Amino acid sequence: MTQLRKNIAEMAGYVPGFQPQDVASYIKLNTNENSYPPSPKVLEAIAREVNDGLRRYPDAGSTSAREEAAKLYGFDPSWIIMANGSDEVLNNLIRAFAGEGEEIAFIHPSYSYYGTLAEIQGATVRTFGLNERFEPQGLPERYDGKIFFLTNPNAPLGFTFSKKFMIDLAGRLSSGVLVVDETYADFADDTALDLVKSLDNVVVTRTFSKSYSLAGMRVGLAIARPEVIAALNKIRDHYNLDRLAQAAAVAALKDQDYLRSVVKKTRATREWFTKELEKLGFTVIPSSGNYVFATPPDRDGGRVYQALYEKKILVRHFTDPVIAHGVRITIGTQEEMETTLAAIAAISYSSAA
Ligand SMILES: Cc1ncc(COP(=O)(O)O)c(C=O)c1O
């Protein structure tokens with residue numbers, strides 16, 4: 001009998017949010033996808049790539065996409081690596097920095113996939129909880145772990161860490177890197193990109209899955225010092241972005257007007273939805289992402305999830321006891337959120353009766 005590595009045999013594996021086959025019959029607010037379509041220019045760019053050229057391998061360096069990202073963010077292209085979704089680059093960061101038995105850390109709650117990736121690698125995991133002001137607890141003066149993943153804005157809660165906190169945290173790392181996962185940063189007011197330049201141990205990751213409405217395309221990127229990018233380039237699948245993904249990435253990055261219009265609508269709906277939920281007695285954490293974490297008056301997040309599910313509205317409920325009292329609801333179109341709000345109002349009414 002062949003033997004699996006012990007950590008693989010013992011690990012549970014990550015369970016992504018529910019993706020129904022008959023997606024059109026749901027209002028889908030459970031995996032923070034974008035309810036608005038991708039830019040028409042992106043769809044045109046992808047369509048232009050569907051041709052005889054597909055018999056050739058794509059550009060292994062994703063050169064055009066890197067150059068476009070470099071221009072947009074104000075870096076030299078040698079500071080940028082494209083990825084098959086930001087999940088790929090998170091995985092490769094662990095492979096690059098954390099060996100078997102070495103430690104990585106992240107905030108609890110945040111993106112639990114960091115833990116899964118560490119388990120695959122055989123690295124160990126340390127988490128730091130939050131107090132009621134969302135301040136991480138128990139951070140040591142000097143942290144010897146190899147990577148600290150900081151999801152900013154935090155998912156699933158939506159709050160942000162201050163620049164001051166991030167600088168302090170980067171300073172506590174003895175030899176590790178601070179990876180700021182900016183999956184949702186386009187919906188927020190600030191970014192840690194300047195820290196990649198000013199501090200030598202900060203990496204930022206971004207995705208096209210949320211603000212650019214391209215979750216189905218699988219595109220992400222990381223921005224880091226060229227020596228880190230060079231190491232990540234050794235590890236990654238050499239053709240990690242296919243031809244369509246590269247064309248989509250270039251067109252998406254070029255169409256910043258479209259990005260801004262989607263972000264503006266999402267933020268406006270987020271503020272409206274937050275206020276309306278509060279009127280219903282929910283506690284809603286002010287969010288800088290395209291989602292809100294909302295706690296019903298009876299603190300039974302599972303019941304809200306179930307009641308919405310029965311009306312074909314999908315939101316995310318986590319069984320983790322630290323966050324089981326609430327639900328994370330993606331901000332969709334204004335119309336979707338009006339329907340969702342009406343469904344939530346009906347639940348609150350029936351619970352009070
Ligand atoms: C915090 C966080 N990081 C990373 C990802 C992965 O994104 P991608 O689609 O780019 O792999 C997600 C997806 O939901 C996320 O919430």
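## A tour around the ligand

Start at Ser 86: one of its polar backbone atoms is 2.7 Å from an oxygen atom of the ligand, a polar contact (a pair of N or O atoms within 3.5 Å). The model is predicted, so local features need pLDDT of at least 70, side-chain atom pairs count only at pLDDT 80 or more, and totals for chains, interfaces and linings use all residues. Residues are numbered from 1 along each chain as its sequence is written, and side-chain values use heavy atoms, with hydrogens and water left out.

Next, select Asp 181. An N or O atom in its side chain is 2.7 Å from a nitrogen atom of the ligand. Then pick Thr 183, where a polar side-chain atom lies 3.1 Å from a ligand nitrogen atom. The ligand taken alone exposes 400 Å², and the protein buries 90% of that (Shrake-Rupley method, 1.4 Å probe).

Last, go to Asn 154, in the loop between β5 (147-151) and α6 (163-172); strands are DSSP runs of E, at least two residues. Is Asn 154 buried or exposed? Asn 154 counts as buried because its relative accessibility is 0% (buried is under 20%, exposed over 50%, partly exposed in between; 1.4 Å probe, protein chains only). From Asn 154 to Asp 181 is 27 residues in sequence and 8.8 Å in space, C-alpha to C-alpha.

How values were computed. A polar contact is a pair of N or O atoms within 3.5 Å; within protein, one must be able to donate a hydrogen and the other to accept it, and residues adjacent in sequence count only if both atoms are side-chain atoms. Helices (H or I, at least four residues) and strands (E, at least two) are DSSP runs, numbered from the N terminus.
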